[in-house]
Amino acid sequence: MSVEVKIPTVLRKHTDGEASVTASGGTIRELFDDVAGRFPEFREKVMGDDGELHRFINVYANDEDVRYLQGMDTAVADGDVVAILPAVAGG
Amino acid sequence: MLFEDPIAAIGETPLVGLPHLAPEGTRLYAKLEGQNPTGSVKDRIARQMIFDAEKSGPLTDRILLEPSSGNTGISMAMICRLKGIPLEIVMPESVSAERRRMLDMYGATVHLSAGDQGTNGAIRVAQQMAQDNPKYLMLNQYENLANPAAHEFGTGEEIVRDLPEIDMFVAGLGTGGTLTGVGRRLKRHNPNITVVAAEPPAGDLVQGLRSLDDGYIPAILDSTVIDRKFIVGSKDAFRATRALFEQEGVFAGISSGAALHVALRAIRSVGAKCCVVLLADGGWKYLSTGVHTADADEVEKNLGDQIWW
């Protein structure tokens, strides 16, 4: 399974400057494991020691925030787009 | 309706149907917050925060300081002018000229923060100013419980009263005050109501965050009342803003288009029979972008680096 993972500017220094990485896996966790296999610093920047998402990181599968789905266990399918973005405020 | 002054006229906004945009078999209503005295939903929280602060004494010998991307600042500026309270606003330099002009006209002092750090940057600058100088009183919409309270006992109460059969509510996520407050009131009314957050595409435009520690989650946001959350690309927001204008005659701001886009998606994917979408402001401050009649590519060009939420 091939899924595009979009990397925010703030994390690109940990992915050799890549704005987008193609990864394989059936869940967000598997995708991130795959990315971290190639870019080791990616894991600590995105996930805590408990394997869950860093507090200030939001992850979207096809534009929907996975925290309100099944979190790191949210399923992804071939052709899906996963985006990582820092939490920001408005108002 | 008779009111003794503009502050008293805040709230009780119309809830109007969008029959041309509602998917078949569903009812879709818009809460028109642009009808508030300064033209946005933020009048509600500005009034509540200032009223609450006044309970511990008059504010006229203090200087209120607030970080805002625009609407909260404008609402506070109107109220502070009427009450004779000095006000200073910290605002990202990347907001539209109309927002700065409104603040100037109401007499607020504007401090600009780095545009590429968005509202997160404005919050940090304001916190530092308040820490360095005790003359400032920061009501802080991101931490002030008056913000969700204004929505729980105002906006949310009005919606439950006017449309008790509501089964979905959609609003933009900025401070989290609208979703937290309205969400709490709706869940008390009917725990099965789906509360949906529409998030601006910060990653598109806020490129200046140096590290993830620059991320920000407002203290007042209660994510337990939110059921689903979608991010909206700028162009989808522009297209929906135009559709609101052309198909329903509703002249709204760009974050309203973003909320509508998410509402239509959530009605289809999550399911709803009676949905309310909150339109946070009117279209006036975005008139120069052409968003109400132009195609999305052109609006993007006109908007440049400006943030619209």
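This is a predicted model: local features need pLDDT of at least 70, side-chain atom pairs count only at pLDDT 80 or more; totals for chains, interfaces and linings use all residues.
Colleague: Thanks! In what order do the elements of chain A run from the N terminus on?

Modeller: Chain A has two helices and five strands. Reading from the N terminus, the order is β-β-α-α-β-β-β.

Colleague: What is the radius of gyration of chain A?

Modeller: The radius of gyration is taken over C-alpha atoms, and the globule rule to compare it with is 2.2 Å times the number of residues to the power 0.38. For 91 residues that rule gives 12 Å, and chain A comes close to this value, so it is as compact as a globular protein of that length. The radius of gyration of chain A is 12 Å.

Colleague: And what share of the residues of chain A count as buried?

Modeller: A residue is buried if 20 or more other C-beta atoms, placed from the backbone, lie within 10 Å of its own; it is exposed if there are 12 or fewer, and partly exposed in between. Along its principal axes, the C-alpha trace of chain A spans about 40 × 30 × 25 Å. Of its 91 residues, the buried share is 36%.

Colleague: Now chain B, please. How many helices and strands does its secondary structure come to, and what is its radius of gyration?

Modeller: The secondary structure of chain B comes to 10 helices and 10 strands. The globule rule gives 19 Å for 309 residues, and chain B is close to that, so it is as compact as a globular protein of that length. Its radius of gyration is 18 Å.

Colleague: What percentage of the residues in chain B are buried?

Modeller: The C-alpha atoms of chain B fill a box of roughly 55 × 40 × 40 Å, taken along the principal axes. Of the 309 residues in this chain, the buried ones make up 55%.

Colleague: Which elements of chain A give two or more residues to the side that touches chain B?

Modeller: Two residues are in contact if their C-beta atoms, placed from the backbone, lie within 7 Å. On that basis, 20 residues of chain A are in contact with 31 residues of chain B. The elements of chain A giving two or more residues to this side are strand E3 (57–61), strand E4 (64–65) and strand E5 (81–86).

Colleague: How does that side of chain A divide by class?

Modeller: Ala, Val, Leu, Ile, Met, Phe, Trp, Tyr, Cys and Pro count as nonpolar, Asp, Glu, Lys and Arg as charged, and the others, Gly among them, as polar. Sorted this way, the side of chain A that touches chain B has 11 nonpolar, four polar and five charged residues.

Colleague: Are H8(B) and H10(B) roughly parallel or roughly perpendicular?

Modeller: Axes are lines fitted to C-alpha atoms, for helices over the stretch in contact, and angles run from 0 to 180 degrees between N-to-C directions. Angles under 35 degrees count as roughly parallel, over 145 as roughly antiparallel, 65 to 115 as roughly perpendicular and the rest as oblique. Helix H8 (residues 234–248) and helix H10 (residues 296–303) of chain B pack at an angle of about 110°, with their axes 9 Å apart. That makes H8(B) and H10(B) roughly perpendicular.

Colleague: Which residues of H10(B) does H8(B) meet?

Modeller: H8(B) brings B:Ser234, B:Lys235, B:Phe238 and B:Arg239 to this contact. Their partners in H10(B) are B:Ala296, B:Val299 and B:Glu300.

Colleague: How are H1(B) and H2(B) set to each other?

Modeller: The axes of helix H1 (residues 42–54) and helix H2 (residues 71–83) of chain B come within 8 Å and cross at roughly 55°. The two helices, H1(B) and H2(B), are therefore oblique.

Colleague: Is B:Gly17 buried or exposed?

Modeller: B:Gly17 is found in strand E1 (residues 15–17) of chain B. Leaving aside residues up to four places away in sequence, B:Gly17 touches B:Arg27 and B:Tyr29. With 12 C-beta neighbours inside 10 Å, B:Gly17 counts as exposed.

Colleague: Last one: which residues does B:Ser96 touch, not counting residues up to four places away in sequence?

Modeller: B:Ser96 lies in the loop between strand E4 (87–92) and helix H3 (97–106) of chain B. With 19 other C-beta atoms within 10 Å, B:Ser96 is partly exposed. Beyond the residues up to four places away in sequence, B:Ser96 touches B:Lys285 and B:Gln306.

Definitions and conventions:
Residues are numbered from 1 along each chain as its sequence is written. Chains are lettered from A and ligands numbered from 1 in the order in which they are written. Helices (H or I, at least four residues) and strands (E, at least two) are DSSP runs, numbered from the N terminus.
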